Amino acid sequence: MDHFQLKDGVLHAEDVPLTAIAEAAGTPTYIYSTATLERHVRVFREGLGDLPDPWIAFAVKANPNKAVLATLARLGLGADVVSGGELRRALAAGVPAEKIVFSGVGKTAGEMALGLKAGIGQFNLESEPEAETLSAVAQSLGMTARVSFRVNPDVDAGTHAKISTGKAENKFGVPIDRALAAYEAAAKLLGLTIQGVAVHIGSQLTDLAPSCAAFQRIGALIAELRAAGHSITHADLGGGLGVPYDPALPLPPSPADYGAMVREVTAGWDVRLIFEPGRVIVGNAGILLTRVIRVKQGVTQPFVIVDAAMNDLLRPSLYEAWHNVRAVQPNGESFTATIVGPVCETGDTFARDRPMDRVQEGDLVAFMTAGAYGATMASTYNSRGLTPEVIVSQDKWAIVRERQPIEALIAADSLPPWIEEQA
Ligand code: LLP
């Protein structure tokens with residue numbers, strides 16, 4: 001459930017008509033709903049049920065906007081970060097350092113130092129050499145890092161290949177068969193305190209079975225590690241729960257289904273569980289609002305050319321992702337169209353042969369479920385400035401990132417000394 005609903009024939013974000021935002025902020029624009037964020041956090045927490053003190057670290061990569069992070073921080077969420085930049089954003093948005101987990105396959109020594117100095121709660125190590133580097137950095141600072149190894153359980157998550165991370169051939173984590181040896185080696189390193197095990201098998205998971213299989217392997221590993229004398233107090237189960245994109249498809253497992261599975265598999269583990277949800281918290285809390293530039297008749301069907309493009313919302317081109325398309329002021333008619341952006345690539349196509357509300361030049365259209373991996377994956381391709389972001393709370397709304405003006409893009413480049421600046 002989200003808070004983007006029709007009221008008096010106009011699509012609203014909570015109590016704000018999208019027409020008003022388009023008029024004041026222009027298009028394309030990302031719009032987030034505070035009430036939906038709050039609802040998703042509550043539903044995720046409730047789904048975990050009576051798990052003792054779960055540590056919910058929002059996957060910042062899904063939506064790093066400071067207003068979104070601050071909203072989630074106020075609801076008590078921590079952060080899962082994968083770069084020094086995300087770490088700084090999380091801290092700047094008010095996420096307490098001890099609630100931050102640092103994931104990522106290529107942390108640099110500089111990023112490790114940043115995390116150590118901030119006092120983050122856990123580093124998820126992805127390899128044995130990474131453990132050695134972190135040990136060296138921690139010793140040089142006279143500090144101790146709390147660590148888990150991210151273990152690759154060799155499970156097929158059954159999702160799109162580009163967002164699948166838990167198969168042996170993927171770059172992520174330490175292969176589960178080598179995990180004990182990795183812990184044995186890390187235990188001998190100074191500056192590290194081993195506190196747990198971490199796993200994440202992929203994103204937009206619509207079947208609980210692969211996660212369940214992965215968690216069972218982690219449970220067996222925890223027993224094995226404890227038998228070898230390691231103290232395991234935490235288990236990080238990653239993120240990945242899918243969200244409904246297409247209302248015509250069966251619903252993915254709910255947070256309650258997920259929580260029940262987790263409680264069953266982890267019963268008796270005697271650890272504090274960490275979760276890294278991203279999409280399930282922000283996906284349906286955001287939309288991309290765009291305006292129809294013109295409708296062009298193709299050979300077989302109309303092309304609806306909108307002012308958003310693949311640089312603003314990359315998911316359809318990169319993953320063949322399906323986003324629902326809604327007219328902001330539907331007139332009751334529908335047609336089948338192909339919706340494209342102005343960028344000079346065939347891949348700049350949001351939807352092909354899509355039955356949708358009939359729209360015409362000047363109409364506003366919303367791409368739904370764009371709150372996760374939307375604005376954050378944007379680029380300036382075709383010299384299009386980054387899209388602004390707006391957050392709504394009841395009848396209030398605010399621009400929380402301004403549209404990037406083309407002047408800023410041009411000013412970011414400079415000329416070499418052998419070319420003179422034109423007057
Ligand atoms: N934890 C780790 C270690 C991750 O790599 C990810 C996502 C998450 C948590 C959060 O997963 P979520 O709950 O959001 O599924 N750009 C792609 C998704 C990439 C996901 C990368 N890792 C997309 O637009 O579908």
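**A colleague's note on the predicted model**

1. Let's start with Pro277, which sits in the loop between strand S13 (272–275) and helix H10 (279–282). Helices (H or I, at least four residues) and strands (E, at least two) are DSSP runs, numbered from the N terminus. This is a predicted model, in which local features need pLDDT of at least 70 and side-chain atom pairs count only at pLDDT 80 or more, while totals for chains, interfaces and linings use all residues. Residues are numbered from 1 along each chain as its sequence is written.

2. Is Pro277 buried or exposed? Pro277 is buried, because 26 other C-beta atoms lie within 10 Å. The rule is that a residue is buried if 20 or more other C-beta atoms lie within 10 Å of its own, exposed if 12 or fewer, and partly exposed in between, with C-beta atoms placed from the backbone. Setting aside residues up to four places away in sequence, Pro277 touches Phe44, Ile56, Phe58, Ala59, Gly239 and Leu241. Contact here means that the C-beta atoms of two residues, placed from the backbone, lie within 7 Å.

3. Pro277 is also one of the residues under the UniProt annotation "binding site" (unreviewed entry), which covers Gly240, Glu276, Pro277, Gly278, Arg279 and Tyr373. A word of care: UniProt positions are given in the numbering used here, feature names are shortened, and annotations may be inferred rather than shown by experiment. Another annotation in UniProt (unreviewed entry), "domain: Orn/DAP/Arg decarboxylase 2 N-terminal", covers residues 36–282. The end C-alpha atoms of that span, residues 36–282, lie 8 Å apart, and the span is 40% helix and 16% strand.

4. Now look at Tyr373, in the loop between strand S19 (364–367) and strand S20 (389–393). Tyr373 is buried, because 24 other C-beta atoms lie within 10 Å. Beyond its neighbours within four places in sequence, Tyr373 is in contact with Ala62 and Arg315.

5. Which residues are closest to the ligand? They are Ala59, Ser203, Gly239, Gly278 and Tyr373, out of 21 residues that surround the ligand. A residue counts as near a molecule if its C-beta atom, placed from the backbone, lies within 6 Å of it. H10 and helix H11 (315–319) each supply at least two residues of this shell. By class, the shell has nine nonpolar, eight polar and four charged residues. Here Ala, Val, Leu, Ile, Met, Phe, Trp, Tyr, Cys and Pro count as nonpolar, Asp, Glu, Lys and Arg as charged, and the others, Gly among them, as polar.

6. The chain is divided into domain 1 (4–31 + 283–411) and domain 2 (104–275), with bounds from an automatic or database domain assignment. Their centres, taken over C-alpha atoms, are 35 Å apart. Eight residues of domain 1 are in contact with seven residues of domain 2. On the domain 1 side of this contact there are three nonpolar, five polar and no charged residues.

7. Helix H1 (residues 18–25) has the buried residues Leu18, Ile21 and Ala25. They lie on the same side of H1 because they cover an arc of only 60° around the axis, where the arc is that of the directions from the helix axis to the C-beta atoms. The face turned away from the buried side of H1 carries the exposed residues Glu23 and Ala24. Just after H1, Gly26 takes a positive phi of about 80°.
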